[in-house]
Amino acid sequence: MEDRVMTTEHACTASDGGDLRDPVCGMSVTPDSPHHWQHDGKDWYFCSAGCRGKFAADPEHYLSGRHRESRPGDDSAWFICPMHPEVRQQGPGDCPKCGMALEPEAPSLEEEASPELIAFRRRFYLSLPFTAAVFLLAMFGHGRDWMPRAMQDWVELLLSLPVVLYCGLPFFQRGWQSLRNRSPNMWTLIGLGTGAAWLYSVAATLIPGWFPASFIQDGRVAVYFEAAVMIITLTLLGQFLELKARSRTSDALRSLLQLAPERARRIADNGDEDDVPVADIRVGDRLRVRPGERVPVDARVIEGRSAVDESMLTGEPLPVSKQPGDQVIGATMNTSGSLVVEAAQVGEDTTLAQIVQLVAQAQRSRAPMQRLADAVAAYFVVAVVAIALLTFFAWGIWGPSPSWVYGLVNAVAVLIIACPCALGLATPMSIMVATGKGATRGVLFRDAAVIEALRKVDTLVVDKTGTLTEGRPAFRQVVAAEGWDDNEVLRLAASLDQGSEHPLAHAIIAAARERQLALEAAEDFESGSGIGVTGRVGGQPLALGNLALMQEQGVDATALDEQANALRERGATVMFLAVSGKLAGALAVADPIKATTHDAIKALRAAGLRIVMATGDGEVTARAVARELGIHEVHGGVKPDAKLALVERLQGDGCVVAMAGDGINDAPALARADVGIAMGTGTDVALNSAQVTLVKGDLGGIERAIHLSRQTVINMRQNLVFAFLYNSIGVPVAAGLAYPFTGLLLSPMIAALAMSLSSVSVVGNALRLRWRDS
């Protein structure tokens, strides 16, 4: 057995000092342990038969370190509140401030459904048949002689029991928690309102004789089981949809984690090669990266030449040539030649790991926008409870006989009319209509908070590649040297490039075919240099590449220097073609600006937005695109951490920042910005990090989204006015303030009607958004 075995933190078998650790649980063990297992010619020791059994069932799971990732149900993992990031505890639970379920703090590679989502979905579907039955009986059963009147109340009571005592149990638990923590919220309102309606109805069914004659209709006291179960079922539906949306907030981190390969090909000192888990790689290890494979860790090239696709880091659409001495980044894609690299950074020190950490920190650090309803909910709850208690004791002490029954009934009427149905619908209905309207116009919103926040944006940071431009190279121009024809230069270059898989080659071949040029087969094709390609076409030796290749071939390219520099200043990549050792021409390929970008930039500037470009592309290319679009603030050659720092600096200056991008390199800045906007044509990581997605990748959607945001917030405020207007009128009447003057008392039945009217007003007003001009 070797002195030292390269493994993960928890999967070390032996250190230099001889310390052995159980690869499953990490406990210290000795070679005398009776529990051991041989895997890949190595002996592994365990603290118990249980750990040995787990390891034997799936050794790679424990050697790769995946077992150390936090899981949603892991009581030892740290959980945080998405609305209040300062709330942090070990194990799952509910936030004591807002009642929301806590979420795992650390990202996990394995996608698992939230236990709370599963529970709410089950409770919602279970409540449906019982709620439907109670509703039909209450609305249509009275007066139709479906069953004796007294029996119907008992049937409604029995049917409501599963809904209230099981399906709605989390609401009452959270409502009680809010009272115990002295943090009243929407759950307090739902618990009090629903509980009051149901308990009143139970009392009316069990002890109808306690109620005064004025509350008896058709020989019975009215019950409100349908109100209680309907509120619970609708709230369950809302929670189910919200949890489903929230479950995708970790997709951005999961997409990042999935970029890293699980295994790498390590070269031993004797030259043998073996596939090992990436977690086993140590600094200084030599690794082979074959064409089509991802680089396992940050490393330095020591052998070979290739082109590496670094778009996940830089956003640059073109692969970057690599040769001995160059640095390669973990998770980038090797596109052509084979490379031997030496590991430089591993584990948490890799660039990918740092990007993951940046996104996670940015997501946690974003202060959630407090909804307008929640801002007043605490005061509203306290006021309603106080009024209900005051009503109960005032009627009990000073009211007519039976005074305490009057007090109880009026207090219940106060709680029922203050039931948060309209208050709960005020913002979600507007959001539901707004998100649907946005979707029809190519704008997808992640949640309600972003619709509220978007209207305040005054600064827009945009990426270049894939956001302002198409994100893929396109042929721009051919410049023929003296004695050569443009079409002939393009034909020869395309003929030679038929053997290449480089995106630049694809652009040149597409341009030649568009001109219907006759291409020939290339012979002796070579592309391993990383600076261009060589071969023979029609018996003539050809070389196509950059200036370094021309110098290597002994070709003088100075005759086209002026034209080449002019093309570079306009953001193009220039390649030279040499035929039989003589310069034949130059070809320019560039990432074209989207057709809609010019108008979109003008519209955004007209809307008062300050526009800043931040791109991983070089400064020359970035400024060329900025000049064409009239963008005056440009930051070229910036990496993910620099984009994040730029957003934070702008926020520090008092700006409300929106970030628009499409690449993995944009993910940290998208997550940190007040509003992250992703192109629908971009990467999954960018889409998952952003709060707004432009389906067609059209920046003009930002202006439409801002306009819709302003309309929606106005509509939400109107809805809240409707909701509170009914409460402000109904609560005093329900408390009996009009009784001394008019003899009028508001029964719970009328209170429920007023509550329903407020909900109808809210829904109707929200639907107006659908037809308003955008």
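In this predicted model, threonine 391 touches Gly407, Asn410, Ala411, Val414 and Ala735, when residues up to four places away in sequence are left out of the count. Threonine 391 belongs to helix α11, which covers residues 372–398. With a relative accessibility of 4%, threonine 391 counts as buried, because the limit for that class is under 20%. The side chain of threonine 391 also has a polar atom that lies 2.7 Å from the backbone oxygen of isoleucine 387.

The aromatic residues provide a second set of contacts. A pair of aromatic rings is described by two quantities, namely the distance of the centres and the angle of the planes. The count for this model comes to four aromatic pairs. One of them is formed by phenylalanine 120 and phenylalanine 171, whose rings are stacked, with 6.1 Å from centre to centre and 25° between the planes. This pair links distant parts of the chain, since phenylalanine 120 lies in helix α3 (residues 115–141) and phenylalanine 171 lies in helix α5 (residues 169–180), the two residues being 51 residues apart. Both phenylalanine 120 and phenylalanine 171 are buried.

Phenylalanine 124 and tyrosine 125 form a pair with another geometry: the ring centres are 5.2 Å apart and the planes stand at 55°, so the pair is tilted. The class follows from the angle, because planes under 30 degrees apart would count as stacked and planes over 60 degrees apart as edge-to-face. As to accessibility, phenylalanine 124 has a relative accessible area of 10% and is therefore buried, whereas tyrosine 125, at 48% relative accessibility, counts as partly exposed. A ring also takes part in a contact with a charged group, for the charged end of arginine 123 sits over the ring of tyrosine 166, at 4.4 Å from the centre of that ring.

The strands described here belong to two open sheets. In one of these, six strands follow the order β11-β10-β12-β18-β13-β16, and the pairing is antiparallel. Strands β11 (273–277) and β16 stand at the edges of this sheet and have a single partner strand each, so one side of each is left without a neighbour in the sheet.

Strand β5 (residues 78–80) pairs with β7 in the antiparallel sense over two bridges, and the bridge partner of phenylalanine 79 in β7 is proline 104.

Notes:
Residues numbered from 1 in each chain as written. Predicted model: local features only at pLDDT ≥ 70, side-chain atom pairs only at ≥ 80, totals over all residues. Heavy atoms only, no water. Phe/Tyr/Trp six-rings, centres within 6.5 Å; stacked < 30°, edge-to-face > 60°. Helix = DSSP H or I, 4+ residues; strand = E, 2+ residues; numbered from the N terminus. Buried < 20%, exposed > 50% of the residue type's maximum accessible area, 1.4 Å probe, protein only. Lys NZ or Arg CZ within 6 Å of the ring centre and 35° of its normal. Polar contact = N/O pair within 3.5 Å; in protein donor to acceptor, adjacent residues only side chain to side chain. Contact = heavy atoms within 4.5 Å. Pairing = 2+ DSSP bridges.
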